[in-house]
Amino acid sequence: MTILKNLAVFLTALSAFADVSVGTPVAAPLAESLPRATCTNPVLRKEWSAATAAERSSYISAVLCLATKPSRINLSTTLYDDFVYVHNSLTDRIHGVAQFLPWHRYFIHVYEQALKDCGYTGVAMYWNWAADSAAPSAAKVWSPVDGFGGNGNQSTPDVPFSKCVTDGPFTGLTLAYYNTEVRPHCLMRDFQPAHPEAGLQDMIGFQFTPEIVAEVSAYPDFSSFHGALESRPHAVVHAGVSGDMGPATSPNDPIFFLHHTMVDRIWWLWQQQNPSVRTNDFSGTEYAGVAATLDDLMPMMGIATDRKVGDFMSTSTTDLCYKY
Ligand SMILES: [Cu+2]
C-alpha cells in the first residue's frame, strides 16, 4: 500500500516535471475535461445578520437535526459528527496545501446539502468577521436567541473540557470527537482577549480587519493569496474563538461553517476581480509536496463522492450554483 502510494506520488511528480522539461503546453484544454455546465440562476449566500429571523431559526434547527441522524459513513456517532471526523482525519491533506480553498468550498456544499435534507430551505450563510473585527465578541452570530450562543462559561470545570457554551441552542449538545480522540464533550468556546493592556481589540480582531482582508486579497496569484488567507485571517479567527474552534475537530462548532463560508467568499471576490484568469488559477503543492493540478482529487471519505479540484473552482456550475 505504502509502496503503491509512494509510486503514485513519484509518478505524479515525474509527470509534472515532464510537462515542464519537454516544454509542451499542458495536454488537453481543461474546459473540455471538466464539467462546466453553467447554472442559470445562482443563489445569493447571505451574511448571518442579513438573514430573516425565520431563515436563522430554520438554519439552527437543521444543524440540531444533523445530530439526530445516523452516520453516513458507518460510525457509531451521528451525521453531525461525520463532518468533524472527516475534517479531522484529513487535516494534513486539506490544510497548508493548494486544495485548502476548493476542499473547504466542497465541504461547505456537502454540509449545506445535509442541512437541506434536514428541512433547511435557505442556503449556506457566512459570518463577516472582518465587518465585526472591532468588537467580534459582540457579533450577532453569538446571540443566544437567534444565533449560535456566546462565549463558553468560564466557570465550567473539568479541563480540558471546560468553558462549555451554556447559552443558546447548542447548550447540552454532546460532541463525540476532540482532536484525535473519541471524547464526548460539550461545545466549548474560549474567546481570546488579544492584548487589552495594549489597547488591542477582543478575540484578536485586529488580525482580521477589512484592511487585512484587502492586504491578503491584493496578492495577484493563487498560491500567494491562498497562503496569506489561510495562515492569517482564517487561522486567527479559529484562534480567536478558540475552544472547539482550535483543533482539527473544529467543525464541532457550527460557527466553523459560517467562518469558512466567509473564507470562501473572500476567495470568490478575489476570483471575480479577474474571472477569466482567476477562476481556474490554481497552483502550489499538495500533501507530500506533490505539485498541485486541477485534476487533484478532493477526498471526502464517503460523506460525499471524491471530486476533482477543477470541478469546484467556479461557483456558477450546476454543482454549486451560488454567488455572494
Ligand atoms: Cu479546515
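This is a predicted model: local features need pLDDT of at least 70, side-chain atom pairs count only at pLDDT 80 or more; totals for chains, interfaces and linings use all residues.
Residues are numbered from 1 along each chain as its sequence is written, and side-chain values use heavy atoms, leaving out hydrogens and water.

**Disulfides**

- The count comes to three disulfides, a disulfide being a pair of cysteine sulfur atoms within 2.5 Å.
- Counting bonded cysteines along the chain, the pattern is 1-6, 2-3, 4-5.
- C39 pairs with C321, S to S 2.3 Å, and this link is right-handed at 95° about the S-S bond.
- C39 sits in the loop between α2 and β1 and C321 in the loop between β7 and β8, so the pair ties together parts 282 residues apart in sequence (helices are DSSP runs of H or I, at least four residues; strands are runs of E, at least two; both are numbered from the N terminus).
- C65 joins C118 at 2.0 Å, S to S, with a left-handed link of -70° about the S-S bond.
- C164 joins C186, also S to S 2.0 Å, and that link is left-handed at -75°.
- Both C164 and C186 are buried (under 20% relative accessible area, with exposed over 50% and partly exposed in between; 1.4 Å probe, protein chains only).

**Helix α7**

- In α7 (residues 210-217), the buried residues are I212, V213, V216 and S217.
- Down the axis of α7 they fall within an arc of 135°, so they line one face of the helix (the arc is that of the directions from the helix axis to the C-beta atoms).
- The buried residues of α7 pack against α8 and α9, where contact means heavy atoms within 4.5 Å.
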